[in-house]
Amino acid sequence: MAAPDSSPARTNTALGGFESTFADELSQLTVAWQGVEAPDPRLLVLNEPLATSLGLDVDALRSDDGIEILVGSASPADAKPVATAYSGHQFGGYAPLLGDGRALLVGELVDVAGNRVDLQLKGSGPTPFSRGGDGFAVVGPMLREYLVSEAMHALGIPTTRSLSVVATGRDVHRAGPEPGAVLARVASSHLRVGTFELAVRTGDLLQPLADHAIARHYPELLDLPVKGGGNRYAKFLEAVVERQAALVAQWMLVGFVHGVMNTDNTTISGETIDYGPCAFIDAFDPAAVFSSIDHGGRYAFGNQPAVLKWNLARFAETLLRIIAPTPDEAIAVATAILATFDTHYHQHLNAGLSAKLGLADTFVDHELIDDLLALLAEHRADWTGTFRALAEELRGRPGPLDAVLPREHSAAWVARWRESLATHGCDETSTADAMDRVNPLYIPRNHRVDEALRAATDGDLGPFEELLEVVTHPFDRRVEWVKYTTPAPEEFTSTFQTFCGT
């Protein structure tokens with residue numbers, strides 16, 4: 001799969017240290033490419049701690065030369081930027097060729113801890129995979145990804161990170177003209193289920209791709225045989241299933257709704273990727289959908305575990321020819337591995353819910369947890385606020401809990417919960433403190449994100465910068481941040497939608 005560069009690459013010596021193992025080893029899945037010139041690039045936000053952890057020079061990034069790299073107008077001297085190819089199931093329908101329609105993989109860096117990561121630009125212009133799109137991005141969605149990905153990182157959830165957002169000085173047409181922008185994204189890799197869906201149809205790429213992914217993300221499997229007992233690729237499937245089960249459990253625990261869980265947005269590394277139409281629930285509602293394109297609710301909040309299991313089944317299908325010598329054996333092995341997803345998921349979810357309630361992760365009273373979830377759903381209680389309110393209940397302050405759940409409905413459950421704590425020998429004051437360490441006080445509330453992005457689109461970054469500071473310190477109570485703890489008014493939530501930004 002090859003095409004000429006979009007334009008002769010301009011190189012820039014401000015930054016160095018880039019490698020390109022993916023493009024070198026699997027060139028059939030890449031196209032050498034270059035971002036387009038930005039008319040008037042201006043740095044909106046730079047993640048200086050992340051830049052330092054990557055071994056990058058912050059002053060160089062802030063220079064004119066560095067900004068040209070971050071917007072895609074120029075490339076580092078030692079980089080070989082590419083657009084990557086992949087397939088995918090989108091809303092259940094198979095698309096044989098998707099690829100980076102508005103993204104550019106600048107290259108790979110080894111950070112100060114010795115970890116290899118990708119640096120990718122999003123919105124840097126059209127590529128051979130743009131499929132009629134313009135290849136650009138706009139300020140609002142790029143700042144949304146920056147904000148939410150950094151919030152997820154602060155919450156301890158595996159995720160891509162955001163290095164910068166640069167305004168391009170180019171208007172981009174969406175519903176109307178909007179200011180263009182480019183996001184610089186950092187990921188353990190951009191290998192997706194969709195990458196394997198393409199490789200299995202493309203020559204002899206499957207096994208080299210699997211070995212590349214294993215070396216990058218699961219190196220402990222490299223010594224396993226490629227055939228016979230302890231098959232390397234069966235263990236690879238097991239490892240991806242476990243990581244993704246853990247990931248979606250963490251999404252559910254914080255009330256995160258991804259919004260577009262296509263197989264091309266399911267990573268092999270187990271990181272959250274693509275924050276297009278994402279949102280967080282206020283009221284607990286398994287049927288919550290925010291994405292404007294999810295008309296049937298396929299990716300509703302409560303459907304996420306089942307959808308992820310479906311995506312992993314598509315991944316397993318791509319590996320059948322290398323996980324066992326015959327189709328029947330391969331199907332049996334893959335089916336058995338996929339059958340473990342539910343157990344892994346519920347182990348992670350139940351351990352997380354137990355911790356949120358101040359109980360040990362070995363706590364097994366599922367009825368207590370299920371009854372709480374039923375209460376929250378019935379009364380549309382604020383998911384994030386409820387667990388902080390329960391901690392306050394243990395401190396003898398009932399007001400916050402009464403504000404989210406009527407006492408006449410919650411009293412019996414609260415009594416059972418406190419009895420469980422007593423049975424497990426939990427001191428209520430120390431339990432409340434432990435709960436506050438795992439239950440965030442601040443999340444990217446949809447109405448606060450919306451108002452910050454609207455202001456930023458109009459040229460005022462102040463609300464965005466303040467919200468970013470809040471959500472990257474999710475457990476730190478500050479009096480001046482009290483407005484960020486409350487859910488959106490019903491009139492906002494009833495009409496709120498999120499968009500992909502394409």
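First, the ground rules. The model is predicted, so local features need pLDDT of at least 70 and side-chain atom pairs count only at pLDDT 80 or more, while totals for chains, interfaces and linings use all residues. Residues are numbered from 1 along each chain as its sequence is written, and side-chain values use heavy atoms, with hydrogens and water left out.

I start with salt bridges. Side chains of opposite charge can pair when their charged atoms come close. Here a salt bridge means a side-chain nitrogen of Lys or Arg within 4 Å of a carboxyl oxygen of Asp or Glu. By that rule there are 31 salt bridges.

Take Arg397 and Glu392. Their side chains form a salt bridge at 2.6 Å, N to O. Which of these residues are buried or exposed? I use buried for under 20% relative accessible area, exposed for over 50%, and partly exposed for in between, with a 1.4 Å probe and protein chains only. Glu392 is buried at 11%, and Arg397 is partly exposed at 44%.

Next is Arg395, whose salt bridge partner is Asp436, with the closest N and O atoms 2.8 Å apart. Arg395 sits in the loop between helix 13 (383-394) and helix 14 (399-404), and Asp436 sits in helix 16 (residues 428-438), so the pair ties together parts 41 residues apart in sequence. A helix here is a DSSP run of H or I with at least four residues, a strand is a run of E with at least two, and both are numbered from the N terminus. Arg395 is partly exposed at 25%, whereas Asp436 is buried at 13%.

These residues also belong to a group. Arg388, Glu392, Arg395, Arg397, Asp433 and Asp436 are linked in a network of salt bridges.

One more pair: Glu428 and Arg418 meet in a salt bridge at 2.6 Å, N to O. Glu428 is in helix 16 and Arg418 in helix 15 (residues 407-423), ten residues apart. Glu428 is partly exposed at 24%, and Arg418 is partly exposed at 26%.

Now the helices. Two packed helices are described by the angle between their axes and the distance between the axes. The axes are lines fitted to C-alpha atoms, for helices over the stretch in contact, and the angles run from 0 to 180 degrees between N-to-C directions.

How do helix 8 and helix 10 cross, and at what angle? The axes of helix 8 (residues 232-254) and helix 10 (residues 327-338) come within 10 Å and cross at roughly 20°. That makes the two helices roughly parallel; the classes are roughly parallel under 35 degrees, roughly antiparallel over 145, roughly perpendicular from 65 to 115, and oblique for the rest. The crossing is right-handed, meaning that the near helix is turned clockwise from the far one by less than a right angle, with anticlockwise being left-handed.

In contact (heavy atoms within 4.5 Å) are Ala234, Leu237, Glu238 and Val241 of helix 8 with Val333, Ala334, Ile337 and Leu338 of helix 10.

Helix 7 (residues 206-217) and helix 8 have axes that come within 11 Å and cross at roughly 55°. That makes helix 7 oblique to helix 8. Their crossing is left-handed. Among the residues in this contact are Gln207, Ala210 and His217 of helix 7, and Tyr233 and Phe236 of helix 8.
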